[in-house]
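Welcome, and please get your viewer ready. We will go from one selection to the next, with a short note at each stop.

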Amino acid sequence: MSTVFNNTKIIATVGPASNTKEKLLELIIAGVNVFRLNFSHGAHEDHLKVIEAIKDLNKTFNYNITILQDLQGPKIRIGTMKEGSELKEGDDFMLTTKQEIEGDSTQASTSYTALPRDVKAGDSILIDDGKIELRVYKVSGQNVHTKVVYGGVLRSRKGMNLPDTDISEPSLTKKDNRDLEFGLEHDVDWVAISFVRTPGDVLELKRHIKEQGKKTKVIAKIERPEAIKNIKDIVKAADALMVARGDLGVEIQMEEVPLEQKRIVTYANEAAKPVIIATQMMESMIENPRPTRAEANDVANAVLDGADAVMLSGETAMGKFPVQTIQHMTNIIRVVEQNMDNIYNKYYEYDPLSQHFGSNILVETSTKLANKIGAKAIIGITDSGFTAFRLARHRPKADIFIFTSNKDLLSTLNLVWGVRAFFYNKEGAIDNIFADFEKILVKEGLLRKGDVYVNTGSLPLGGELHTNMMKFQIVE
């Protein structure tokens, strides 16, 4: 197990600053639970080295570190630009799908061939995280004619956002399909799909995963206005959500992002779906050894909002202080979790017509019981993960320990708030199994004499039923 354990998990993006086995281990010791592989960058052979290193560390140190594959999606970029090309307010500027053009202060090419078909007069085009804004006034053939609203120096390969435009390219591109096949072949735990617009985007990815005979979980990245409109249906379709504030903050008004973050977290919590807060959490630490006060506040607020995990991008991928970044984030999370009782013990109303109504009520009751009797732990047994996701939904103060005979589930669950998972595949009477769980946890130093704990599970063991029993005990 890691030397650090907080309920709110930490996701670190792997890059040149962190892609050696030695550095990955340092980051795990500092508090990383999940490593994100960003498939917008890097060759498959580079990602494979990281995957193999993480799996080797898991095996060597008995970790359950999660591997998250983040697919690029339909990334829209401009082409090559002449050095020093500057766009000035009020000037005409043309975007073209003719790839041979080198851009200057009057025109640039774009990799997105559907741009002339998708945009219309009046649409805004934002470049380089919104630093440059263009307004479309005419489309002709392969060319999109715009006026510069806000100018600046435009460099090669900068990203474009189209907040007013319905993008025709699917969320899952040809590149994504190749990358997905690679990720599934090497048994990544979670796959994040970029620029989700509808639940259909998520279901399409799930179809591809099922066709490959895998059960890899899917994270829907919320970074488009359409996703905000369809958020409740996307929550139902996805296994987890990511509030990707980088593109989201460009695609919608930036002042709306904090409220949307809270709203998405609330929907995900209610649905027992993990939710990740991402982008610019501690960005100043790319260059500096300490975060700003505002960044510390941002991380703390994500924990208070109810996030399952907080994510770092450039800070650990290419920053100068990746380990220190994790240490600071770990400390911020720890202080909030130790001092703010209002993040715990959340309860919900359930649909009595749902097939899971009885199980949901029982899981919630087990967390209420644990709270009332001051239980040290709630112990669940699952092969599907149902019990773990639903226990975590209630944010109990008691530790959540999950036992499973499904080895793949061990690292999958490491993304989920508060959950620590253990492999167990013995058969026998339920009381003997529960006694085994207690012995394992006492041996690990996670329970001690006099501790009260609550057991949950489904009977008969190995069946298809969800949680249908609970029992509390005291360590003798």
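Start by selecting Phe 403 and Phe 437: both of these residues are buried. Keep in mind as you look around that this is a predicted model.

**Stop one: the aromatic rings**

Stay with that selection and show the side chains. The ring centres of Phe 403 and Phe 437 are 4.0 Å apart with the planes at 10°, so this pair counts as stacked. Now colour by secondary structure. Phe 403 belongs to strand 18 and Phe 437 to helix 16 (residues 430-443), so the pair ties together parts of the chain 34 residues apart in sequence.

Next, widen the view. How many aromatic pairs does a search of the whole structure find? The search finds nine.

Is Phe 422 buried or exposed? Its relative accessible area is 9%, and under 20% counts as buried, so Phe 422 is buried. For Phe 403 the relative accessible area is 0%.

To see the whole group, select Phe 401, Phe 403, Phe 422, Tyr 424, Phe 434 and Phe 437, which ring pairs link into a cluster.

**Stop two: charges over rings**

Select Lys 407 and Phe 423. Lys 407 lies over the face of Phe 423, 4.9 Å from the ring centre. Then move to Arg 420 and Phe 5: here the charged end of Arg 420 sits over the ring of Phe 5, at 3.7 Å from its centre.

Now pick Asp 247, which you will find in helix 8 (residues 245-251). Asp 247 is buried, with a relative accessible area of 15%. Which side chain makes a polar contact with the side chain of Asp 247? It is that of Asn 161, at 2.8 Å. To show the surroundings, select Lys 75, Asn 161, Phe 195 and Glu 223; Asp 247 touches each of them, leaving aside residues up to four places away in sequence.

Finish at Glu 22 in helix 1 (residues 21-30). Glu 22 is exposed, with a relative accessible area of 56%. Draw a C-alpha to C-alpha distance from Glu 22 to Ala 53: the two are 9.1 Å apart in space and 31 residues apart in sequence.

Notes. Residues numbered from 1 in each chain as written. Predicted model: local features only at pLDDT ≥ 70, side-chain atom pairs only at ≥ 80, totals over all residues. Heavy atoms only, no water. Helix = DSSP H or I, 4+ residues; strand = E, 2+ residues; numbered from the N terminus. Buried < 20%, exposed > 50% of the residue type's maximum accessible area, 1.4 Å probe, protein only. Polar contact = N/O pair within 3.5 Å; in protein donor to acceptor, adjacent residues only side chain to side chain. Contact = heavy atoms within 4.5 Å. Phe/Tyr/Trp six-rings, centres within 6.5 Å; stacked < 30°, edge-to-face > 60°. Lys NZ or Arg CZ within 6 Å of the ring centre and 35° of its normal.
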